[in-house]
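Subject: Structure handover

Hi,

Here is the structure you asked for. My notes on what was found in it follow below.

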Amino acid sequence: MVREVAESCVDGVVMEMVAAYCGRFYAAKPELAARRIEAIGFQVGHQLTERYTMERPRFSDHLEAIKFICKDFWSELFKKQIDNLKTNHRGTFVLQDNRFRWLTRVSIDPSVESMDATDNDSATLGDSAAQTTSMLLYFPCGIIRGALTNLGISCSVTADMSNLPACSFVVRIKT
Amino acid sequence: MPPLTGPKSGDALFGSVERVNAELFTLTYGAIVRQLLTDLEEVEEVNKQLDQMGYNIGTRLVDEFLAKSNVSRCVDFKETADVIAKLGFKMFLGVTATVTNWDAEGTSCSFVLEDNPLVDFVELPDTCQGLQYCNVLSGVIRGALEMVSMKTEVTWVRDMLRGDDAYEMRVKLTKQVPEEYPYKDDD
């Protein structure tokens with residue numbers, strides 16, 4: 001029996017991490033906040049692959065490891081597999097989740113939020129929704145990078161959220 | 001509107017919420033604590049931030065709890081504490097807390113946890129002497145209770161990470177704010 005907790009515990013902790021780093025510690029330095037959030041994600045991803053690959057033979061190549069992330073790893077975290085995996089066969093992979101779980105409860109259209117604002121600075125309110133979302137995405141990027149690093153693949157990971165709630169994670173393997 | 005059915009049991013409540021692998025939660029929290037220890041100079045500041053994060057989370061979790069548990073209004077602090085221990089901890093963490101050590105006035109009690117998913121895999125080095133690793137929990141309790149008009153102070157009495165045999169939070173009710181209705185009676 002695998003121990004479980006309510007999903008809102010994870011949601012709460014992740015959201016508060018973003019709020020603390022972006023709103024309290026590094027409010028004026030978004031790059032520093034982003035780096036910290038990514039570092040936390042890296043740690044989590046690194047440790048989770050340790051857990052999830054304990055009874056599994058070594059991956060034979062990069063594609064096998066990436067497929068593991070898309071299928072088993074993603075299912076453990078988000079209860080579904082990555083929807084689409086693309087590669088240019090030159091070290092870049094794009095992992096697309098058509099309905100990324102951690103974005104399903106964030107505002108999709110900043111202009112809608114702007115229209116609800118009562119203050120005059122509604123433009124920044126819409127901007128801040130998108131900013132918070134992009135800050136949040138440093139966490140799963142760090143998770144993926146930490147996971148792959150633990151599987152022997154040095155890489156950089158960025159997120160593309162131009163089509164919410166779909167999200168693409170671009171993995172660039174370092175040579 | 002009064003609830004259509006009675007309150008759910010703890011197990012039914014846990015069974016009805018969306019759940020995730022606890023390791024994701026445990027490891028995420030652990031990584032956050034670790035990063036805070038790196039970023040903030042003082043352990044006491046880390047404790048304060050964990051409590052603040054917990055407070056903010058608690059003010060939101062109580063909404064989900066009330067929406068899903070079918071709990072009606074608790075008549076006093078004692079009943080509230082029982083509901084948190086039996087249903088609240090079970091709904092969110094999958095564990096049950098015990099309420100004990102009431103004072104004579106019924107305004108102070110202890111929540112005792114013998115199992116705590118936050119600390120799986122956790123060991124504290126000697127350099128973290130003053131760290132209240134689970135301070136997010138005390139913040140959650142404080143935040144949730146404040147949203148139902150009860151101001152409290154929460155302190156840690158026992159901590160298994162420090163060699164104690166259980167986790168014990170002492171919760172003291174400092175003020176019960178009477179509810180103010182925003183509408184005036186017209187008659």
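First, a term: a salt bridge here is a side-chain nitrogen of Lys or Arg within 4 Å of a carboxyl oxygen of Asp or Glu. A:Arg3 forms one with B:Asp120, with the closest N and O atoms 3.0 Å apart.

Some ground rules. This is a predicted model, in which local features need pLDDT of at least 70 and side-chain atom pairs count only at pLDDT 80 or more, while totals for chains, interfaces and linings use all residues. Residues are numbered from 1 along each chain as its sequence is written, chains are lettered from A and ligands numbered from 1 in the order in which they are written, and side-chain values use heavy atoms, with hydrogens and water left out.

**The interface**

How many residues of each chain are in contact? On chain B there are 36, and they meet 35 residues of chain A. Contact means heavy atoms within 4.5 Å. The two chains bury about 3,300 Å² between them, and 61% of that is on carbon and sulfur atoms. Buried area is the accessible area (1.4 Å probe) that two parts lose on being put together, summed over both. B:Val20, B:Leu24 and B:Leu27 supply 18% of the area that chain B buries against chain A, more than any other three residues.

Now the polar side. The rule finds four salt bridges across the interface of chain B and chain A. It also finds 12 residue pairs in polar contact there, both residues being at pLDDT 80 or more. A polar contact is a pair of N or O atoms within 3.5 Å; within protein, one must be able to donate a hydrogen and the other to accept it, and residues adjacent in sequence count only if both atoms are side-chain atoms.

Which elements of chain B supply at least two residues each to the side that touches chain A? They are strand S1 (19-21), helix H2 (22-39), helix H3 (43-69) and helix H4 (77-93). The largest share, 12 residues, comes from H2(B). Helices (H or I, at least four residues) and strands (E, at least two) are DSSP runs, numbered from the N terminus. By type, this side of chain B divides into 20 nonpolar, seven polar and nine charged residues. Ala, Val, Leu, Ile, Met, Phe, Trp, Tyr, Cys and Pro count as nonpolar, Asp, Glu, Lys and Arg as charged, and the others, Gly among them, as polar.

Over all chains, the salt bridge count comes to 15. One of them pairs the side chains of A:Arg36 and B:Asp39 at 2.6 Å, N to O. A:Arg36 lies in helix H2 (residues 30-52) of chain A and B:Asp39 in helix H2 of chain B, so the pair joins two chains.

Strand S1 (residues 4-6) of chain A and S1(B) run antiparallel, joined by three bridges. A:Val5 has B:Val20 as its bridge partner. Two strands pair if DSSP finds at least two bridges between them.

**The sheet in chain A**

Four strands form an open, antiparallel sheet in the order S2-S3-S5-S4. Strand S2 (84-87) and strand S4 (155-160) stand at the edges with a single partner strand each, so one side of each is left without a neighbour in the sheet. The twist averages 20° from one strand to the next. Axes are lines fitted to C-alpha atoms, for helices over the stretch in contact, and angles run from 0 to 180 degrees between N-to-C directions.

S2(A) pairs with strand S3 (residues 92-97) over four bridges, and A:Lys86 stands opposite A:Val94. S4(A) and S5(A) are joined by six bridges and form a hairpin with six residues between them. A:Thr158 stands opposite A:Val170 here. Helix H3 (residues 62-78) of chain A lies across S2, S3 and strand S5 (167-173), at about 15° to S3(A).

**The sheet in chain B**

Chain B has an open sheet of four strands, in the order S2-S3-S5-S4, with antiparallel pairing. Neighbouring strands are turned by 30° against each other on average, direction ignored. Three bridges join S2(B) to S3(B), and B:Val99 stands opposite B:Phe111. H4(B) packs on the sheet, touching S2, S3, S4 and S5 of chain B, and makes about 10° with S3(B).

Best wishes
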